[in-house]
Amino acid sequence: MLQIVILMVGKTRTGFIQAGMDLYTKRLVPYGKLSLLSVPEEKPRPGLTPEQIKEREGARLLARLPKPARIIALEASGQEFNSQEFAQWLSQMEYEAHSPLIFVIGGHLGLSNALVAAANHRLALSRFTFTHELSRLILLEQLYRACTIRAGHPYHY
């Protein structure tokens, strides 16, 4: 059974994004176990650099990673797939992992170097840049699309 955890920084504050996330979370129920986990975002303060903010958020993310797990960091420089390729890759990961697939989405500054280094895989949703909140919705929709492709469901076509 497919087990997926989406681990992210901060809360989803935008209503339409949360509504979309709720929709795809419900649609994914028949295809496996999905958990959405978040860690608090680091508030900017005087004297705190963007790199320090990423490091602090990264430490929180690393502390929340279930063990064992296959860690997939969502990163602009990661591997890109079309939807068919992603479905095939997801099947391969499910077969190989024997543990939850943990998709990690950083905050507005991205992921820390330590988190990216700890990841088993790096995945890019697109060459476009998305907000970290919108990335959550896009990932959920693509996970649903991949599951429907794998099941032969007509959603993708």
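1. Leu-48 is found in the loop between strand 2 and helix 2, where helices (H or I, at least four residues) and strands (E, at least two) are DSSP runs numbered from the N terminus. With a relative accessible area of 14%, Leu-48 is buried; buried means under 20% relative accessible area, exposed over 50%, and partly exposed in between, for a 1.4 Å probe and protein chains only. Leaving aside its neighbours within four places in sequence, Leu-48 is in contact (heavy atoms within 4.5 Å) with Glu-42, Lys-43, Ile-53 and Arg-56.

2. A word on the basis of this note: the model is predicted, local features need pLDDT of at least 70, side-chain atom pairs count only at pLDDT 80 or more, and totals for chains, interfaces and linings use all residues. Residues are numbered from 1 along each chain as its sequence is written, and side-chain values use heavy atoms, with hydrogens and water left out.

3. Helix 2 covers residues 50-64, and its end C-alpha atoms are 21 Å apart, which agrees with the 21 Å that its 15 residues should span at 1.5 Å a residue; the expected span is 1.5 Å times one less than the number of residues. The buried residues of helix 2 are Ile-53, Lys-54, Glu-57, Gly-58 and Leu-61. They cover an arc of only 130° around the axis, which puts them on the same side of helix 2, the arc being that of the directions from the helix axis to the C-beta atoms. These buried residues pack against strand 1, strand 2 (32-39), strand 4 and helix 4 (113-118).

4. Helix 3 can be read in the same manner: its 15 residues should span 21 Å at 1.5 Å a residue, and its end C-alpha atoms are 20 Å apart, which agrees. In helix 3, the buried residues are Ser-83, Phe-86, Ala-87, Trp-89, Leu-90, Met-93 and Ala-97. Seen down the axis of helix 3, the buried residues fall within an arc of 165°, so they line one face of the helix. An α-helix has 3.6 residues a turn, so residues three or four places apart point the same way. Gln-88 and Tyr-95 are exposed on the other side of helix 3, whereas the cover over its buried residues includes strand 1, strand 3, strand 4, strand 5 (121-123) and helix 5.

5. The largest nonpolar core has 28 residues, of which Ile-6, Phe-86, Leu-90, Leu-101, Phe-103, Leu-139 and Leu-143 touch the most other members; such a core is a set of buried Ala, Val, Leu, Ile, Met, Phe, Trp, Tyr and Cys residues joined through side-chain atoms within 4.5 Å. At least two residues of this core come from each of strand 1 (2-9), helix 1 (15-27), strand 3 (70-79), helix 3 (83-97), strand 4 (101-105) and helix 5 (132-151). Helix 5 gives the most, with eight residues. Leaving aside neighbours within four places in sequence, Leu-143 is in contact with Ile-4, Ile-6, Leu-28, Phe-86, Leu-90 and Phe-103. Apart from this core lies another, of 14 residues, among them Val-5, Val-39, Ile-71 and Ala-73.

6. The largest pocket holds about 440 Å³ of space. On a 1 Å grid over the protein atoms alone, a pocket is an open set of points with protein on both sides within 12 Å along at least five of seven lines, a cavity is a set of points where a 1.4 Å probe fits but cannot get out, and lining residues have an atom within 4 Å of a point. Grid points are joined across faces, edges and corners, and a volume is the space filled by probe spheres set on the points. Of the 22 residues that line the largest pocket, Leu-74, Glu-75, Ala-76, Phe-130 and Ser-135 lie nearest its centre. Strand 3 and helix 5 are the elements that give two or more residues to this lining, and the largest share, three residues, comes from strand 3.

7. Ser-135 lies in helix 5 and is buried, with a relative accessible area of 10%.

8. The largest cavity has a volume of about 50 Å³ and is lined by Leu-2, Ile-4, Leu-28, Tyr-31, Gly-32, Lys-33, Leu-34 and Cys-147. Strand 1 and strand 2 are the elements that give two or more residues to this lining, with the largest share, three residues, coming from strand 2.
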